[in-house]
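I opened this entry to record what I looked up in the structure.

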Amino acid sequence: MSTQTHNRKRITGLIIAALAASLLGSGVVAQEAPAVASSETNSDYQIGPGDTLNVFVWREPGLSVNIPVRPDGMISTPLVEDIVAVGKSPTQLARDIEEVLSEYIRSPKVTIIVQQFVGTFNAQVRVLGQVVNPGSVAYRDGMTLLDVLTEVGGLTEFASGNRAKLVRGKDGKSDEQRVRLDNLLNKGDLEENLEVRPGDVIVIPEAVF
């Protein structure tokens, strides 16, 4: 056998061996359980009312659900009734659900993914009164009144925007400030586009006819 033929066969054998090892490795990985906790980027996030959670239970599709956090701060999933979610990180909630499920299934592995973020009350801006979708908006750095109004769909036709109030907690007391939302939205008066803070409440009354 020539040296060239021998080298070709040797290289072919090495390629086949590498492919076999790769396929075997893929098979092993496919059998491993997924990470039991949500990603580290979510580890410090505190779940709040209105958040939508994906509760994934490995190898138990009947127990895996997408579910909103109720206003009372709790959720209910198959086999897990009324467990507190608010104020917990996704990882912490996953461990708590695993503890309950362990009474029914062996070694449950749960992952919690927050799909829609609202956050705790202290991380929200609440909008009350005459807006299209009153409720809570997740606070973001640099958020302004215009950002909040966009999130809630704007004012209704019955709103008295220039009589709106921004209520902010300060030193244990509530501080109220008049904000002229009609001037902001209809006249482009950016002086009214105040920066909001977490915990703020915006109240838009109904116009008097």
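I began with burial in α2 and found P90, L93, A94, I97, E98 and L101 buried. The model is a predicted one, and I took buried to mean under 20% relative accessible area. I then viewed the helix down its axis: the buried residues of α2 lie within an arc of 140°, so they line one face of the helix.

For the extent of α2, I noted residues 90-101, 12 residues in total. From first C-alpha to last, α2 reaches 16 Å, close to the 16 Å expected at 1.5 Å a residue.

Against which strands do the buried residues of α2 pack? I found β1 (52-57), β3, β4 and β5 (110-116).

**The β3 and β4 pair**

I next examined β3 (residues 74-77) and β4 (residues 80-84), which pair in the antiparallel sense over 3 bridges. I83 in β4 is the bridge partner of I75. The two strands, β3 and β4, form a hairpin with 2 residues between them. In that turn I noted a positive phi of about 75° at L79.

**Nonpolar cores**

I turned to the largest nonpolar core, which has 20 residues. Those with the most contacts inside this core are L53, I75, L93, I97, L101, V110 and I112. The elements giving two or more residues to this core are β1, β4, α2 and β5. Of these, α2 gives the most, with 4 residues.

I also recorded a second, separate core of 19 residues, which includes V131, V137, L145 and V179.

Conventions. Residues numbered from 1 in each chain as written. Predicted model: local features only at pLDDT ≥ 70, side-chain atom pairs only at ≥ 80, totals over all residues. Heavy atoms only, no water. Pairing = 2+ DSSP bridges. Expected span 1.5 Å × (residues − 1). Buried < 20%, exposed > 50% of the residue type's maximum accessible area, 1.4 Å probe, protein only. Arc of directions from axis to C-beta. Contact = heavy atoms within 4.5 Å. Core = buried A, V, L, I, M, F, W, Y, C linked by side-chain atoms within 4.5 Å.
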